[in-house]
Every structure is written in structure tokens, then in C-alpha cells.
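Trainee: I would like to go through this chain residue by residue. Please show the sequence and the model.

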Amino acid sequence: VYHPDKAGVESTAKFQEIAAAAALLTGSTIELVCAEEAQTRRRHEAADTQPLSSLATTDDGFEAPCRCGGAIDIAQADLDEGYRVFECEGCSHSLAVDPDG
């Protein structure tokens, strides 16, 4: 609607304003919003819940076996930030972790 090639030269200033706003929102801001939304969705879609005490420890946290044969990595840093649902990188399976368990 505001592109100068389609709406004429008089729309150039508005197009530049929109382009600047879009540039401001790209990158890490959009990635952060998408990650937060995905985490919220996964929190409600976790297939099962495991107590933290039942998971194998790794150098940077914990690991749970996945039904696909892979593993679900659970970083201690993510737990410290409040994340409780983690996904397998090899499939769509997710696991909720109970840190008090």
C-alpha cells in the first residue's frame, strides 16, 4: 500500500518509516517473542512429566531418553531461567520436567 513503486513518490516517507520500524523488530526481538510463545505452547502440550531426580546428569544439566531413540537435553541454565518443557531435537516429542521431584 505504501511502497513508492505502487503508491507513488508521495508515499516514500511513510514507506521508510514502516521499513525502519520493521528493521527495529527483526532479529533477536522477534526470536525472543517466538521462543516465548513456543515455550508457552509446549508447556501445555508436553506428552509426559518426569521428576528431575529421575533424569541422567550431563556436564551442563540433564538428559532424558526420547521415544524416537534420541535424547532430550535439559540445560541447567534453562531450568534456572524457569523453563520446564523441553523438546527432542530429533522429533516432536516434548517432556515437562518437575524440578521438585
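Trainee: In which strand does D48 lie?
Mentor: This is a predicted model, in which local features need pLDDT of at least 70 and side-chain atom pairs count only at pLDDT 80 or more, while totals for chains, interfaces and linings use all residues. Residues are numbered from 1 along each chain as its sequence is written, and side-chain values use heavy atoms, with hydrogens and water left out. Helices (H or I, at least four residues) and strands (E, at least two) are DSSP runs, numbered from the N terminus. On that basis D48 belongs to residues 48–51, which form strand β1.

Trainee: Is D48 buried, partly exposed or exposed?
Mentor: Buried means under 20% relative accessible area, exposed means over 50%, and partly exposed is in between (1.4 Å probe, protein chains only). The relative accessible area of D48 is 31%, so D48 is partly exposed.

Trainee: Leaving aside neighbours within four places in sequence, which residues is D48 in contact with?
Mentor: Contact means heavy atoms within 4.5 Å. H93 is 45 residues from D48 along the chain, with 9.3 Å between their C-alpha atoms. Beyond the neighbours within four places in sequence, the contacts of D48 are H93, S94, L95 and A96.

Trainee: What pattern does the chain follow along the sequence?
Mentor: The chain has four helices and six strands. Read in sequence order, they give α-α-α-β-β-β-β-α-β-β.

Trainee: Where is I74 placed, and is I74 buried or exposed?
Mentor: I74 sits in strand β4. Its contacts, apart from neighbours within four places in sequence, are L55, D60, G61, F62, A64, L79, F86, L95 and V97. I74 has a relative accessibility of 1%, so I74 counts as buried.

Trainee: How many Å apart in space are D80 and P99, C-alpha to C-alpha?
Mentor: D80 is part of helix α4 (residues 76–80), and at 60% relative accessibility D80 counts as exposed. D80 and P99 are 19 residues apart in sequence, and their distance in space, C-alpha to C-alpha, is 10.0 Å.

Trainee: Which residues gather in the patch of negative charge on the surface?
Mentor: Patches are made of residues with over 30% relative accessible area and no salt bridge, with like charges joined within 9 Å and nonpolar side chains (Val, Leu, Ile, Met, Phe, Trp, Tyr) within 5 Å. A salt bridge is a side-chain nitrogen of Lys or Arg within 4 Å of a carboxyl oxygen of Asp or Glu. Lys and Arg count as positive and Asp and Glu as negative, His and the chain ends not being counted, and the place of a charge is NZ of Lys, CZ of Arg, CG of Asp or CD of Glu. The negative patch gathers D59, D60, E63, D73 and E89.

Trainee: In which loop does E89 lie?
Mentor: With a relative accessible area of 78%, E89 is exposed. E89 lies in the loop between β5 (85–87) and β6 (94–98).

Trainee: Which residues make the nonpolar surface patch of about 310 Å²?
Mentor: Accessible areas come from the Shrake-Rupley method with a 1.4 Å probe; for residues, only the protein chains shown count as cover. L24, in helix α2 (residues 12–25), counts as exposed at 67% relative accessibility. The nonpolar patch is made by L24, L25 and I30.
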